[in-house]
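Hello,

Here is the structure I said I would pass on. Please open it first, then read the notes below next to it.

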Amino acid sequence: MTSTAQDHPGHAALVRLLGGRGLLTPEWRRAWEAVPREDFVPPTIWRQGPQTCTPVRYSSDRQALIYSDRPVVTQVDDGRDGGPGIATSSNSMPSMVAKMLGLLDVRDDNRVLEIGTATGYVSALLCERLSDEQVFTIEVDPTLATLARTALDAAGYAPTVICGDGEQGWPDAAPYDRLISTCALRHVPWPLVQQVKPGGVIVAPMVRDFWSGAVVQLIVQDDGTAAGFFRGGASYMPMRSHRLPPTADVDQDTARSSTSDLDPRQLLTLGFAMYGGARLPDVKVVHAQGENDDTVRVWLMDRDGSAAIADVGKPVTEFGSRDLWTEVEAAYAEYVDLGRPDADEFGLMVDPKGQAVWLHSPDAVITSVR
Ligand SMILES: C[S@@+](CC[C@H](N)C(=O)[O-])C[C@H]1O[C@@H](n2cnc3c(N)ncnc32)[C@H](O)[C@@H]1O
């Protein structure tokens, strides 16, 4: 390897932070120590803001960002100049990477497919933990795939890097024991499940209009379907073909006001997000918080121009043909009747016809997309 954590005190501190949070087994700790993050960060980087990204220009800011527990954005607007600065590739947030690799539960002889190579950092960690021959990784963007190959080669790793659409997986080297997606999925593509052996594990961040992300850990069953629980929040950029469609403009002339007993802050737990997202799959939720907890504002939107705005302690305003606030109130009442389950009490089942979200067990389906 060209450098180690000893040459990068910032990296050693980052690994200690991950270890201190209980995110590293001894095997993963050794792998992280051997692969400095800096070796997988290109010269041009951005800092993620709430919506868009800002360039990082000074080397001291660059060092601070690389050795913090934050994502380092490495491409905006799919690499096109003059765009709004939306992150389209990154070296992901280290604690999220460590958590997802932990959930992957790899064994020494496992063969692993990663979707979303980006900088190659996760592939390098997997090569360090396993071996080059056991790691396969797919990146849709040809420029990024080339940069990743170069960075991996310079660091002494040689996994199989494929430039292609990860939605199809990589059947040429299937079956795999483990599959990790490092781009968010709206649904788990069936070809990915088909390429993992029974008993194998799939770890993927999922995204819905309703919530910004939660990671799922699926086990492939003997009949080839996959099922498993959600394991907490995970905010990742979506797979290219899974990007959320834009919402339509709202017709302000349809505004109407009503009172509500539901405090909009209640909608913001990941537990309700899982339930509400399953019941109202096409409703997008966005929120903003001012100086304190009393200044939370929640927006609901669908793709056809219906919307609702709710501020703490104020009347609700709805727009368009749907009474979105009323629909969310009804879903919230159902959620309360279920005992306000936490996010990790929900799970996902994937079969050839689609996927279903369930509560506690695959028999208790809340909603399915077929
Ligand atoms: C958050 S980055 C992944 C971080 C990466 N694992 C690392 O170690 O740096 C997400 C990546 O997924 C890629 N991606 C998006 N859609 C894809 C697809 N359909 N197939 C493969 N890669 C895809 C993006 O181009 C982006 O580089």
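Strand 17 (residues 346–351) and strand 18 (residues 354–359) pair in the antiparallel sense, with 6 bridges between them. Please keep in mind that this is a predicted model. The link from strand 17 to strand 18 is a hairpin of 2 residues.

The hairpin of strand 18 and strand 19 has 5 residues between the strands, and in it His360 takes a positive phi near 70°.

An open sheet has 5 strands in the order 12-16-15-14-13, and the pairing is antiparallel. Which strands stand at the edges? They are strand 12 (256–258) and strand 13 (284–289); each has a single partner strand, so one side of each is left without a neighbour in the sheet. On average, neighbouring strands of this sheet are turned by 20° against each other, direction ignored.

Strand 12 is joined to strand 16 (residues 316–319) by 3 bridges, and the two run antiparallel. Arg256 has Glu318 of strand 16 as its bridge partner. Helix 9 (residues 324–337) packs on the sheet and touches strand 14 (296–301), strand 15 (307–311) and strand 16. The direction of helix 9 makes about 70° with that of strand 15.

**Helix 1 and helix 2**

Helix 1 (residues 9–20) packs with helix 2 (residues 26–34) at an angle of about 160°, and their axes are 9 Å apart. Angles over 145 degrees count as roughly antiparallel, and the two helices are therefore roughly antiparallel to each other. Helix 1 passes helix 2 in a right-handed crossing. Helix 1 brings Val15, Leu18 and Gly19 to the contact, and helix 2 brings Arg29, Trp32 and Glu33. By class, this contact of helix 1 with helix 2 has 3 nonpolar, 1 polar and 2 charged residues.

**The two domains**

The domain assignment gives domain 1 (5–241) and domain 2 (252–337). How far apart do the C-alpha centres of the two domains lie? The distance is 33 Å. The contact between them takes 7 residues from domain 1 and 11 residues from domain 2. On the side of domain 1 that touches domain 2, the residues divide into 4 nonpolar, 1 polar and 2 charged.

Regards

Terms used. Residues numbered from 1 in each chain as written. Predicted model: local features only at pLDDT ≥ 70, side-chain atom pairs only at ≥ 80, totals over all residues. Axes fitted to C-alpha atoms, helices over the stretch in contact; angles between N-to-C directions. Helix = DSSP H or I, 4+ residues; strand = E, 2+ residues; numbered from the N terminus. Parallel < 35°, antiparallel > 145°, perpendicular 65-115°, else oblique. Left-handed = near helix turned anticlockwise from the far one by under 90°. Contact = placed C-beta atoms within 7 Å. Nonpolar A, V, L, I, M, F, W, Y, C, P; charged D, E, K, R; others polar. Domains from an automatic or database assignment. Pairing = 2+ DSSP bridges.
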